[in-house]
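Please keep the sequence and the 3D view at hand while reading.

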Amino acid sequence: MVLVAAVRDYINRMLQDISGMKVLILDSSTVSCVSVVYSQSELLKKEVFLVELVDSISMSKEAMSHLKAVYFLRPTSENIQHMRRQLAKPRFGEYHLFFSNILKDTQLHMLADSDEHEVVQQLQEFYADFVALDPYHFTLNMASNHMYMLPAVVDPSGLQHFCDRVVDGISAVFLAFKRRPIIRYSRTSDIAKRIAHEASKLMYQQESGLFDFRRTEVSPLLLIIDRRDDPVTPLLNQWTFQAMVHELIGIEDNKVNLKNVGKLPKDQQEVVLSSEQDAFFKANMYENFGDIGMNIKKMVDDFQQVAKSNQNIQTIEDMAKFVDNYPEYRKMQGNVSKHVTLVTEMSKIVEERKLMLVSQTEQELACNGGQGAAFEAVTNLLNNDNISDVDRLRLVMLYALRYEKESPVQLMQLFNKLASRSPKYKPGLVQFLLKQAGVDKRTGDLYGNRDLLNIARNMARGLKGVENVYTQHQPLLFQTMENITRGRLRDVDYPYVGNHYQQARPQEVVIFIVGGTTYEESRSVALQNSTNSGIRFILGGSALLNSKRFLKDLEEAQRIARISTNVL
């Protein structure tokens, strides 16, 4: 079973057994969980005539006893308080309560005590406490994602809250799959270690009965790693469709906001990009930008053929056929204009920011050696007036991550150049990145130059030549998956929690990145799964990153660290 199917199954089970007109009441987290897997029209088919947020429905006094209320909420103390108030003065005929994670006994008693009018028909736990973006990719959409970079002493309760939310999300995935995993984590990361131990405590001690499923031959593996092991991937420009849309325009819960793009009709100002609902996107989400242009041209040609045949209406039968096919025609028309708009807008941004020029140097910094040539290329781009401030910053960061030990003098020259050319970015941010994710802090072989096998592989790739200079980078995650597939993930780098060890190669692996995932990594996972290696990988993270979000988290962590240093 995959993520999207698991969440859809829960929502189907919530709605299908309750007959009649319904109102679906969600919170700010579950609204994302539902919206990425279920469309408005599908909800209507299930007789859901109203979707409300739990905090806004508290404000309303109007009685609607003809409607049955289906609540789907996270089991937080705020939500329990909302429920208590709403059950004290019921507005709906029936109440069906579903929680996205494990309820505490005290919360259950509170709800039972509040149901004086006996309107609650059922209460269940449906473990969909995550946002299933794609079949093998989930996120937790955490606003406080920057917390993973802060030492525990800075904000102990904030960090505990962060860890609790991550453990909740991970445990929900395994409860949805009815599995209990063996757990490993990245050795150099305090927060990965803490989350791994807390998840293990929940699954093997506090809720061991709940996780005691029928044993599979080999337990699945949960590997918890830290974004700082690979800070390069979220800093790079992207050239495959889904990743590129997120990098240049932004995707939130599989929706793209196009309000700022020219004069678009109202129904095209927010578009859905979902592999479940859009066949063209599903076929092209991992393709290169160049190929996308060709494929869109073919789609436009196909549409024009259909449009032409629709203009040729001569008989009553033709007219009836056109009316029957009209919804499909409208859908096709909407899909064509959506993808044409996206590609046109991205082409414009690529041209304005000279991203082909920038990206070539980025890829060289990420994939190939040659410090002298890299220094010259970055210096030239810093001097180029057409390059934006944020692109200059990313180039200096990528250079610093690669050559922090090899060329400290030239690194200082780049810091000074960045400060004079883009004064809004202080060099302190690059130094903060090195402090967070420099070579001494990372687990794994980010540049493939520590391990003989990786060095040989890189040399072979260099001799073979690269098919596309803009997409030669592979995230560290690719190597991690390869190591798991070959049984080469070293215990010393990725220790086990407790005395639960993997006896044989796992068939299911969930890799969770504390600090967030990228679409480049989810593409790697989907391609790896398509090779039929006998292992199914699932990727999850605390947030969904592009370079903008990664830098925002970095700036926020730096700001808090600075304040706490002054206070301490």
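**Confidence**

The model is predicted. Its protein chain has an average pLDDT of 88, and 92% of the residues score at least 70. Residues 459-466 have a pLDDT below 50, and in the model this stretch makes four contacts beyond near neighbours in sequence.

**Strand E3 and its partners**

Strand E3 covers residues 64-73, and eight of its 10 residues are buried, so the rest of the structure largely encloses the strand. E3 pairs with strand E1 (residues 22-26) in the parallel sense, over five bridges. In this pairing Val 23 stands opposite Ala 69 of E3. E3 is also joined to strand E4 (residues 92-99), again running parallel, by seven bridges. Here Phe 72 stands opposite Phe 98 in E4. In a regular strand the side chains alternate between the two faces of the sheet.

**Helix H19**

Helix H19 spans residues 476-485 and is mostly covered, with eight of its 10 residues buried. The buried residues are Leu 476, Leu 477, Gln 479, Thr 480, Met 481, Glu 482, Ile 484 and Thr 485. After H19 comes Gly 487, which has a positive phi, near 70°.

**Asn 546**

Is Asn 546 buried or exposed? Its relative accessible area is 11%, so Asn 546 counts as buried, the cut-off being under 20%. Asn 546 sits in the loop that lies between strand E13 (536-541) and helix H21 (547-567). Leaving aside residues up to four places away in sequence, Asn 546 touches Pro 234, His 246 and Glu 247.

**Empty spaces**

Rolling a probe the size of a water molecule over the atoms shows where empty space is left. The structure holds five cavities of 30 Å³ or more.

Which residues line the second largest cavity? They are Ile 225, Asp 226, Arg 227, Asp 229, Asp 230, Leu 476, Leu 477, Thr 480, Tyr 494, Ile 513 and Glu 521. Strand E9 (221-226) and H19 each supply at least two residues of this lining. Leu 476, Leu 477 and Thr 480, which are part of the cavity lining, are also among the buried residues of H19.

At least two lining residues come from each of helix H2 (30-35), helix H3 (40-45), strand E11 (270-272), helix H10 (279-284) and helix H12 (316-352).

How values were computed. Residues are numbered from 1 along each chain as its sequence is written. This is a predicted model: local features need pLDDT of at least 70, side-chain atom pairs count only at pLDDT 80 or more; totals for chains, interfaces and linings use all residues. Side-chain values use heavy atoms; hydrogens and water are left out. Buried means under 20% relative accessible area, exposed over 50%, partly exposed in between (1.4 Å probe, protein chains only). Helices (H or I, at least four residues) and strands (E, at least two) are DSSP runs, numbered from the N terminus. Contact means heavy atoms within 4.5 Å. pLDDT is the predictor's confidence in each residue, from 0 to 100. Two strands pair if DSSP finds at least two bridges between them. On a 1 Å grid over the protein atoms alone, a cavity is a set of points where a 1.4 Å probe fits but cannot get out, and a pocket is an open set with protein on both sides within 12 Å along at least five of seven lines; lining residues have an atom within 4 Å of a point. Grid points are joined across faces, edges and corners, and a volume is the space filled by probe spheres set on the points.
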